[in-house]
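Please look over the structure below before reading the briefing that follows it.

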Amino acid sequence: MSHLSIFVILPIAFSFWISLQDWNVMKGTIQYVGFSQYQSLATNAQFWGSVVNSLLYTALSVPLGMAVSIVVALLVSQPIKGANLFRTLYFIPSVCSTVAVSMMWIYIYLPQTGMINSLTKLFGLKDIDFLNDVSWALPALAFMSVWTNLGPRMIIYVAGLLSVPPAQYEAAQLDGAGAWTRFWKVSWPALAPTNAFVLLTGTIASLQLFTPVYMMTKGGPLYSTDVVGYHIFVEAWKKFHLSTASAQSFVLLAVVALCSWMQWKLFRKQAESYE
Amino acid sequence: MKNVSIYLGLTLLAVFLAMPFVWSLFVSLHESRSAIPEFSKIVPGRPHWENYKTVVLNEQVPVLRFFINSLIVSVFVVIGQLFVCSSAAFALARLPFRGRDLVFALFLGTMMFSGTVVQVPLYLIVRQLSWLDTYFALIMPSVGSAFGVFLLRQFFLQIPREIDEAARLDGANEWTLYWKLLLPVSKPALGTLGAFAFIATWTDFFWPLIATSSLEMRTVEVGLSIFKNSYGGTNWPLQNTAAVVALIPVLVVFLCLQRFFVRGITLGSGK
């Protein structure tokens, strides 16, 4: 049976082998430079700026996305007719290509005639050029991701809510607990493993954000949306500093691994305490 | 009363989610090269359906070719993943070998390696193999999906081993077990994986962006961004037309396979 395993592991090793291939040597002309890439990286302010941006973006988009998804999951889990239809509808944004979605949202965020500004104008609010405003660009992208990722997150939470034994809700109701209390005391603790999963996958994905930045802001204005994923792209394919980009990729990988590890530990602790 | 407020909430949300699409659709029907329409004038006086012809049968940008590329790549990735991931999942779920758990943990670990993290080394490897700007570069790296292995392994583990034993008593070897027994039973899981893989490959932007360079090899995603940048830089209606055109295949696939998506997410999160 070893042939099957080998044949199978090979393409997957493609991805795995890459970590071994992650030298900071550019094949071709440049000679081996050792660890100096990492040394210069330590003083590369722009790179670390992009790391901060990525963390900021993640902090903005993931918790908000989780909260919205939970609320939607609760709504959709109500015993009403047509819940399934709504569920399917809510899933559609997430299967759409990020490129097309980015193009649509550029339009939404346009100053004066964009969807949001057209509506806020009716309330007399100030016109905001979201994508060109240093303080609004990153939050704008984060908000967009809530819309995009709602579908899968919602489904996961629906599944998580379904795993709570109805008897617990009944017991709580008998004790006179209102809906709000029922949520916090019964649903929320039971959702601990689900929360951990959504948090973990959301973080990993957010840290690698690329397409909306490429399509909508190109890292601007003034590098406020220059996230690590985009920064590495520019470094590698616009400036052709492949070795620098490699080193930066490694750092990104370390950050992703660190976040994953931290959340994994949290997950184990929560899952165990629930049992 | 409670139901009314729930319906209200659901509908408002649906409106919120649908608005970008509806907006885009309306704008795409405005006259090409016209100014950005104001909110109150969003519905065009006369729908300019010819915008769609301009986009699809475009002379400067080979849109149809993009679609063919995306289709070829997506289909082959799906086929590849179904075979590769099911074999791996089979090995991990049914065949005891030393270090099996470690291998599985490694597979899980590779889920952290994706797109932006591995771009540079993957590009170098692909270049070394002279696969740049070919279908191979677009198909091969995606064939071994850790997510796919994970999903199928979960599924296989739930199939009772009695079936295996009964088959072995009838003289079946591993290959027969895999091919004639496990796979047919796993159709729902395979369908799910296929649906996910298709959408993920079709909507993949980053990798095709750096793996292809010639216009003829680009996929729909990349082509769409090219369209935005070069052709209709400020031609809003046409850009939205392109976006809608790019979205249609995905929506069609999704609507046909929607039950697979819902099932797949819950399978993946281990519930």
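In what order do the elements of chain A run from the N terminus on? They run α-α-α-α-α-α-α-α-α-α-α-α-α, and chain A has 13 helices and zero strands, where helices (H or I, at least four residues) and strands (E, at least two) are DSSP runs numbered from the N terminus. This is a predicted model, in which local features need pLDDT of at least 70 and side-chain atom pairs count only at pLDDT 80 or more, while totals for chains, interfaces and linings use all residues. Residues are numbered from 1 along each chain as its sequence is written, and side-chain values use heavy atoms, with hydrogens and water left out.

**Chain A**
- Of the 275 residues in chain A, 53% are buried, meaning under 20% relative accessible area, with exposed over 50% and partly exposed in between (1.4 Å probe, protein chains only).

- Leaving aside residues up to four places away in sequence, W105(A) touches F143(A), M144(A), W147(A), M216(A) and P20(B), a contact being heavy atoms within 4.5 Å.

**Helix α3 of chain B**
- V75(B), found in helix α3 of chain B, is partly exposed, with a relative accessible area of 35%.

Notes: Chains lettered and ligands numbered in written order.
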